[in-house]
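Hello,

Here is the structure I said I would pass on.

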Amino acid sequence: QPVALELVSPAFRMATGCIAVACLQICFAIGLRGVSALPVWFKQEVVVPGWPKLPFPFSTGIVSCTAVSPTAHDLCTLHISGMQGFDFSTTPPTLVAGGISNETTQTLLDISRVAEAAGSSMDMMTECQVWLTDMNDFAAMNTAYSKFFTGPGKVPPTRIAAQVSKLAGSAVVEIKCIGLAPRPNMSSLAVLAQI
């Protein structure tokens with residue numbers, strides 16, 4: 001083997017190296033032209049059917065994606081805003097009565113509705129954050145919370161739970177989750193960033 005390599009002249013090695021570099025440059029240029037027509041990043045608001053438009057400066061949920069190709073079927077990130085135990089079937093939506101257990105259950109039902117509207121589910125959540133106004137409610141919150149994320153074949157999301165001095169309104173718990181969702185139909189999206 002070493003003898004065969006010695007027989008290759010330095011000029012031949014240099015020529016093949018230059019050809020390889022030229023091929024890479026051409027492929028890179030062609031690739032950039034193809035990629036530049038694609039959005040690098042986009043996002044879409046998640047709208048839950050039947051829910052009123054809330055008078056706040058944030059979205060209930062966002063699906064954000066990085067573009068690989070217009071026909072990509074990979075998963076995107078689903079961000080769900082902090083939710084409290086509001087019953088959105090009432091007008092106006094009202095905080096459910098009954099304290100921490102009922103509020104936790106309703107909050108997670110609301111989060112599941114947002115996930116479903118994005119084509120996702122609670123099984124696809126990867127991280128949740130829980131804020132309590134009283135850490136003495138931790139055990140009761142955990143009991144209600146576990147019904148959504150534990151069971152045969154389930155892998156619960158990572159989580160943090162912390163006490164805060166106050167939440168908006170009179171809620172005693174607020175939860176936000178991040179997970180995965182299928183890529184939305186790109187034809188319906190506004191491109192937010194391009195190369």
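Counting the bonded cysteines of the chain in sequence order, the pairing runs 1-2, 3-4. The model is predicted, and it holds 2 disulfides.

The pair Cys 65 and Cys 76 forms a disulfide with the sulfur atoms 2.0 Å apart. The torsion about its S-S bond is about 110°, so this disulfide is right-handed. Cys 65 sits in strand β2 (residues 61-66) and Cys 76 in strand β3 (residues 75-83), so the bond ties together parts that are 11 residues apart in sequence. Cys 65 has a relative accessibility of 2% and therefore counts as buried, the cut-off being under 20%. Cys 76 is also at 2% relative accessibility and counts as buried.

The other entry on my list is the link between Cys 128 and Cys 177, with an S to S distance of 2.2 Å. The angle about the S-S bond is 105° here, and the link of Cys 128 and Cys 177 is right-handed. This pair connects distant parts of the chain: Cys 128 belongs to strand β6 (residues 125-132) and Cys 177 to strand β8 (residues 173-182), 49 residues apart. Are these two cysteines, Cys 128 and Cys 177, buried or exposed? Both Cys 128 and Cys 177 are buried.

Regards

Definitions and conventions
Residues numbered from 1 in each chain as written. Predicted model: local features only at pLDDT ≥ 70, side-chain atom pairs only at ≥ 80, totals over all residues. Heavy atoms only, no water. Disulfide = S-S within 2.5 Å. Helix = DSSP H or I, 4+ residues; strand = E, 2+ residues; numbered from the N terminus. Buried < 20%, exposed > 50% of the residue type's maximum accessible area, 1.4 Å probe, protein only.
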